[in-house]
Amino acid sequence: MERMDRERNFWVVGGDQRQQALVKLLRDDGHTVHLTALEDPGAEPLGPGVSLAHCVILPLPVTGQGGAIHAPLSRSTVTLPSVLRCMEPGQILCGGMVSKAVRRAGKERGLRVFDYYAREECMVTNAVPTAEGAVQVAMEELPITLHNARVLILGFGRVGKLTAHRMGVLGAKVTVAARDYEDLAWASAYGYEAAKLETLSYELGGMDLVVNTIPAQVLDARRLSFLNPEAFILDLASSPGGVDREAALALGLRVLQAPGLPGRTAPVTAAAAIRDAVYHILWELEETS
């Protein structure tokens, strides 16, 4: 990645291991980086210095439970209003999976709000550690090898494609279920079995592993009832996920919801994707100014 042409002042607020790695990457590129709501010896409270930042970087996702800034590594709670109060109109605020409420609040403050995770280059790069993390979790959780395992991938977007590929390379017997005929055609072209999502039922009973990438409840009580009790379900979709958890529990099925795998399995790679996307945002703003 080409570095910025001059030093910038960044504030990184909240986040997980990805943001910890991001701080180091930005500093290695020669930037001044302040951080808050991260367990780090250099962390500092929000203050007037935030108004001097070229860019304030919020986590992915921006907010967690209760609406506070997502900061699982911090003992302190930082709210979005407390961040916005420290910023001046015209400043740049970047976050991942920026909600309408966050975007509206930032614009009311007169800020330029951007979602780095909405950028294609960030989502594609981020899908790689997600897929590799899915392989890691599956190998840890399954009592069998992925080689010859019967694996169902729900959804064939970025994460679905890469996960199917990684598991297929290891010898898994991969089936892809999707809504769009185009996705099913591509799945078949890659050599996978293809199934229409809407009609998915009895074939679920033959699966050892089901990986969901669709951010909607596609594994409801009816579909879960078809699964083998020994099957393992890995839900990669963002909250609330794609599995009826109560029904799964009642059926004795094992479910792991793991939407933040990149932050756990490859935080440096995920952080580099965020850094690059933020750099691209800043470069594009300079080109149009």
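Pro-61 lies in the loop between strand 3 and helix 2 (80–85). In this predicted model, the peptide bond that joins Leu-60 to Pro-61 is cis, with omega of about -5°. A cis peptide bond also leads from Ser-239 to Pro-240, here with omega near 10°. The loop that holds Pro-240 runs between strand 10 (232–235) and helix 8 (245–250).

Ala-37 is not a glycine, yet its phi is positive, at about 60°. Ala-37 belongs to the loop between strand 2 and strand 3, and it counts as buried because its relative accessibility is 3%, below the 20% limit for that class. Asn-148, likewise not a glycine, has a positive phi of about 75°. Asn-148 sits in the loop between helix 4 and strand 6 (150–154). With a relative accessibility of 44%, Asn-148 is partly exposed.

Five strands form an open sheet in the order 2-1-3-4-5, and their pairing is parallel. Strand 2 (32–36) and strand 5 (112–115) are the edge strands, each of which pairs on one side only. From one strand to the next, the twist averages 20°. Within this sheet, strand 1 (residues 9–13) pairs with strand 3 (residues 55–57) in the parallel sense over 3 bridges. Phe-10 is placed opposite Cys-55 of strand 3. Helix 10 (residues 267–288) lies across strands 1, 3, 4 (92–95) and 5, and runs at about 150° to strand 4.

A packed pair of helices is described by the angle between the two axes and by the distance between them. Helix 4 (residues 120–141) packs against helix 5 (residues 158–169) at an angle of about 40°, and the axes are 8 Å apart. Helix 4 is therefore oblique to helix 5. Their crossing is right-handed. On the side of helix 4, the residues in contact include Met-123, Ala-127, Ala-131 and Val-135; helix 5 contributes, among others, Val-159, Leu-162 and Arg-166. Classed by type, the contact between helix 4 and helix 5 comprises 11 nonpolar, 2 polar and 4 charged residues.

Finally, Thr-175 is a residue of strand 7 (residues 173–178). Where, then, does Thr-175 stand, buried or exposed? Its relative accessible area is 14%, so Thr-175 is buried. Apart from its neighbours within four places in sequence, Thr-175 is in contact with Val-151, Leu-152, Ile-153, Glu-193, Ala-195 and Met-207.

Conventions:
Residues numbered from 1 in each chain as written. Predicted model: local features only at pLDDT ≥ 70, side-chain atom pairs only at ≥ 80, totals over all residues. Heavy atoms only, no water. Axes fitted to C-alpha atoms, helices over the stretch in contact; angles between N-to-C directions. Helix = DSSP H or I, 4+ residues; strand = E, 2+ residues; numbered from the N terminus. Parallel < 35°, antiparallel > 145°, perpendicular 65-115°, else oblique. Left-handed = near helix turned anticlockwise from the far one by under 90°. Contact = heavy atoms within 4.5 Å. Nonpolar A, V, L, I, M, F, W, Y, C, P; charged D, E, K, R; others polar. Pairing = 2+ DSSP bridges. Buried < 20%, exposed > 50% of the residue type's maximum accessible area, 1.4 Å probe, protein only.
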